[in-house]
Amino acid sequence: VPPEHKQEIHNKLKALEDELNRYLANEYGVDTSKKDACEQWLKSHQPFHWFVEFYGIVHDKGGFDVIIGNPPYVEYSEVRRAYTVHYLETELCNNLYAFVMERSVKVLKEKGRCGMIVPISAFCTDRMEKFQLLQLCNSSNFWLSNYAERPSKLFEGVERNLSITLFDKKHSNARIFTTAYLKWYAENRVYLFPTINYTIATNTKVFGIIPKIGTQAEVNVLEKMKKVHNKIDNYTVNRVTKYILYYRNSGGRYWKIITDFQPDFFLNGRKSISSRESYLYFDTTEALLVSVASLNSNLYFWYYVMHSDARTNNPSDLKMFPLDIQSLSSTHMNELFALCKKLMTDYKAKSIMQDGKYRTGLVKFQQFFPIKSKPILDEIDCVLARHYGFTEEELDFIVNYDIKYRMGRENEEEYERTSNEL
């Protein structure tokens with residue numbers, strides 16, 4: 001810019017900034033005719049106008065070539081009293097990282113690249129659907145890699161499962177490429193990124209969820225499970241019955257323990273109930289036993305990891321598992337009945353009563369070791385594989401899913417006991 005024009009441009013941009021401030025303050029309900037009110041609003045909200053601050057980039061070049069970041073993982077509800085936003089498509093997502101991503105998309109130039117590190121829950125939660133679509137509808141290719149917090153983690157000291165999202169901006173319907181739910185030991189971190197493998201998984205997305213797909217075998221299994229129109233939810237009831245499924249609503253990084261009996265739990269010497277215990281109710285013994293067997297399977301554990309944050313156990317995680325009990329053959333039905341009873345007996349026989357002192361008091365609880373019942377779980381998967389029509393290769397993948405970590409960390413994570421989990 002010629003020196004003689006610099007001051008003129010500066011004055012015009014300052015006038016534009018003042019005009020934008022007045023406009024924005026008015027949108028926030030400020031009486032712009034009152035100077036003190038305007039100044040107070042400017043001080044509290046500190047508006048930032050990208051068009052003014054980066055005029056040459058946003059106006060002349062159409063936006064930034066590359067935007068990368070690690071935005072704040074803060075619920076909007078926690079800061080809303082101090083600062084509010086308006087006219088954001090992602091406002092109902094209720095997290096600041098969604099707002100940062102939306103702004104990034106808007107100031108990114110066509111064919112520009114964007115990369116962000118966000119919580120893994122961003123891609124497995126209904127309320128984040130807008131956040132997901134914002135990226136998918138503004139890119140031609142969308143890459144999503146997923147990282148566990150155990151046994152090692154992306155950032156030391158950050159106890160979060162994380163995803164790295166990468167995309168090139170283009171108004172289109174993106175092709176989706178994902179990784180598996182990646183785990184690694186600290187000494188192998190140097191190999192983590194060089195060995196990342198993406199699998200095209202465009203057709204696996206469901207409302208609010210982009211599954212953590214790492215192989216074509218997983219895509220094939222999901223396609224077969226999609227053909228099942230009923231889910232476990234079709235067999236649950238919204239009232240208390242005697243046909244009860246028991247599960248823990250947190251914990252279990254490597255195994256999910258589902259029972260048709262209530263685990264023993266004592267608090268200060270008196271029989272009690274763990275605060276982490278949850279229930280599903282059924283109308284019949286048949287529905288209960290088939291569901292308990294299926295939800296203990298390696299298939300369910302894989303399906304859960306694919307579609308959840310891999311930390312919490314929400315009722316929907318169990319209820320949405322595809323299962324059509326009516327279409328089970330009598331042979332498969334009887335096999336699952338027998339295996340369910342065999343598994344429950346094995347769980348009880350190999351359980352121990354564990355003592356602990358927690359903030360709630362002295363606790364004694366029944367601790368299970370599903371790793372010791374793996375052969376029975378594999379038998380359940382063999383029955384389910386025949387029911388769903390899996391190939392030998394697909395069954396082999398399911399039975400051995402994450403086996404390096406599930407079978408190798410008996411005393412590290414699965415049996416780590418904290419007051420939070422009890």
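This report covers helix packing, salt bridges and nonpolar cores in one structure.

The model is predicted: local features need pLDDT of at least 70, side-chain atom pairs count only at pLDDT 80 or more, and totals for chains, interfaces and linings use all residues. Residues are numbered from 1 along each chain as its sequence is written, and side-chain values use heavy atoms, without hydrogens and water.

**Helix packing**

Two packed helices are described by the angle between their axes and the distance between the axes. Helices here are DSSP runs of H or I with at least four residues, strands are runs of E with at least two, and both are numbered from the N terminus. Axes are lines fitted to C-alpha atoms, for helices over the stretch in contact, and angles run from 0 to 180 degrees between N-to-C directions.

Helix α10 spans residues 298-307, and helix α14 spans residues 392-399. Their axes come within 8 Å and cross at roughly 75°. That makes α10 roughly perpendicular to α14 (65 to 115 degrees; under 35 is roughly parallel, over 145 roughly antiparallel, the rest oblique). Contact means heavy atoms within 4.5 Å. From α10, Asn 298, Leu 299 and Trp 302 meet Phe 397, Ile 398 and Val 399 of α14. Five of the residues in this contact are nonpolar, one is polar and none is charged. Ala, Val, Leu, Ile, Met, Phe, Trp, Tyr, Cys and Pro count as nonpolar, Asp, Glu, Lys and Arg as charged, and the others, Gly among them, as polar.

Helix α8 (residues 216-226) also packs with α10, at an angle of about 100° and with axes 12 Å apart. These two helices are therefore roughly perpendicular to each other. Glu 218, Val 221, Leu 222 and Met 225 in α8 meet Leu 299, Trp 302, Tyr 303, Met 306 and His 307 in α10. This contact has seven nonpolar residues, one polar and one charged.

Trp 302 has contacts beyond its neighbours within four places in sequence, including Met 225, Phe 397 and Tyr 401.

**Salt bridges**

Side chains of opposite charge can pair when their charged atoms come close. A salt bridge is a side-chain nitrogen of Lys or Arg within 4 Å of a carboxyl oxygen of Asp or Glu. The whole structure has 21 salt bridges. Among them are these:

| Pair | N to O distance |
|---|---|
| Arg 253 and Glu 149 | 3.2 Å |
| Arg 311 and Glu 149 | 3.2 Å |
| Asp 355 and Lys 364 | 3.8 Å |

Glu 149, Arg 253 and Arg 311 are linked in a network. Glu 149 is buried, at 1% relative accessible area, whereas Arg 253 is partly exposed at 24% (buried is under 20%, exposed over 50%, partly exposed in between, with a 1.4 Å probe and protein chains only). Arg 311 is partly exposed at 36%.

**Nonpolar cores**

In soluble globular proteins, nonpolar side chains tend to be buried together. A nonpolar core is a set of buried Ala, Val, Leu, Ile, Met, Phe, Trp, Tyr and Cys residues joined through side-chain atoms within 4.5 Å. The largest core has 67 residues, and those with the most contacts inside it include Met 225, Leu 299 and Trp 302. Among the elements that give it two or more residues are α8, α10 and α14. A second, separate core of 29 residues includes Leu 88, Phe 99, Ala 122 and Ile 176.
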